[in-house]
Amino acid sequence: MLPPMITSKNLGWTAAILIPLNLLLFLILPDGSLSMRYVSDFMPILTSLIACYCLFLAFKSFKTFDHTKLSWMLILIGTILNMLAESTYAFLEIYAHIDMSESFPTLADVFWCNAYLPLVSGMWVLYWAYKKSGFPMGNTKLYWLFATLFSIVISCVILYLLIPVMQDDETTLIAKIFYLFYPVADLFLVIPAVILMYITSLFGTAILSKPLRFLTIGFIFMTVADLIYSVLDWQDLYSNGNYTDLLWNAGYLAIGIAALRQKELIESFKI
Amino acid sequence: MRQYKNPLAQKIHEIMLPLVGEFMAGGVLKTQSKNIGISEDDIKPEHIPSLAEAIKKGLTLFLGSDVANKVCDQIKMIK
């Protein structure tokens, strides 16, 4: 039996229901309860699985293997690794009964860390391909503004997260490496995402811009969630049902919508 | 919609408009015309193939090579 046909519009509606439902469950389920754990752990598996399926459809819609197909393939591989990480995390917490707040890093983190390479590569391939295209890059002064803002963000991350983590004697060396890895890798991911977001804004409401716009929104949601998580987890303030989870789930669904938009865009030219 | 004095420029603009929007369509036509040493007002039929190929390069990122080729062919058919 084939999975039902999903469109970007259907997925948009699904996201509009799923994310508020997720929030509602977080509000009403008791903290620390098994049901909270199930919702907190299975929602990201569901949303990342949806993203993987949509990315696969987008990848298949390209015939020739060019830079565009390569970048979508890399994003698909990265999202599959993220999905494996979410699944591993759920398995370890729910079935292996491991206290994930005490055990860091775990096998799930190995998958998450490995996901960054294809994701970052995919985004930079998109950026590089655009730069080579000869299309306008927009207002160059704004790039200086971006660079200034990024410098401020990087400085804050270093001052308020990386340095305190490094100086914390209670955190093991391996945990420190992983705590440092995530925000640094996220910065490499968010830089092309923000640049591409600005570039797509130059297209206005034109149809070409929609896939990349949703893709960059998805990655920005996930990067913000990662940064918040790093701070909270290091301070032992993260637990199941934390509202940060909503950003990850929304991020995965935005990536799924981006992929379906891309597929629909290509198919619209086949008619 | 932007209006060009040159009918060939106008037709290219009209093909690109729904795909990339008003700002980008104008920007791309201006940049790619400049790259081949002319302005939008000076576009002649012999310039169309190179303009089409240059525009195709940018569209490939968003559409993939196959579909970008179709748009390129559409531009090349302009007379």
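Please keep in mind that the model is predicted. Its largest nonpolar core has 83 residues, and helices of chain A together with helices of chain B supply residues to this core.

**The nonpolar core**
- Among the 83 residues of the largest core, those with the most contacts inside it are Cys54(A), Leu55(A), Ala254(A) and Ala259(A), along with Val20(B), Val28(B) and Ile55(B).
- From chain A, α2 (34-61), α3 (67-95), α4 (107-133), α6 (173-201), α7 (209-234) and α8 (244-268) each supply at least two residues of this core.
- From chain B, α1 (7-35) and α2 (48-76) each do likewise, with at least two residues.

- An unreviewed UniProt entry annotates "transmembrane region" in chain A at residues 12-30, 42-59, 71-91, 111-130, 142-165, 177-200 and 212-231.
- In the model, residues 71-91 of chain A are 100% helix, and the end C-alpha atoms of this span lie 30 Å apart.
- Residues 111-130 of chain A are also 100% helix, with end C-alpha atoms 29 Å apart.

**Where the chains meet**
- The contact draws 23 residues from chain A and 24 residues from chain B.
- On the chain A side, α3, α4 and α8 are the elements that give two or more residues.
- The largest share of that side, four residues, comes from α4(A).
- By class, the chain A side has 14 nonpolar, six polar and three charged residues.

Methods: Residues numbered from 1 in each chain as written. Chains lettered and ligands numbered in written order. Predicted model: local features only at pLDDT ≥ 70, side-chain atom pairs only at ≥ 80, totals over all residues. Core = buried A, V, L, I, M, F, W, Y, C linked by C-beta atoms within 7 Å. Buried ≥ 20, exposed ≤ 12 C-beta atoms within 10 Å, placed from the backbone. UniProt positions renumbered as here; feature names shortened; annotations may be inferred. Contact = placed C-beta atoms within 7 Å. Nonpolar A, V, L, I, M, F, W, Y, C, P; charged D, E, K, R; others polar.
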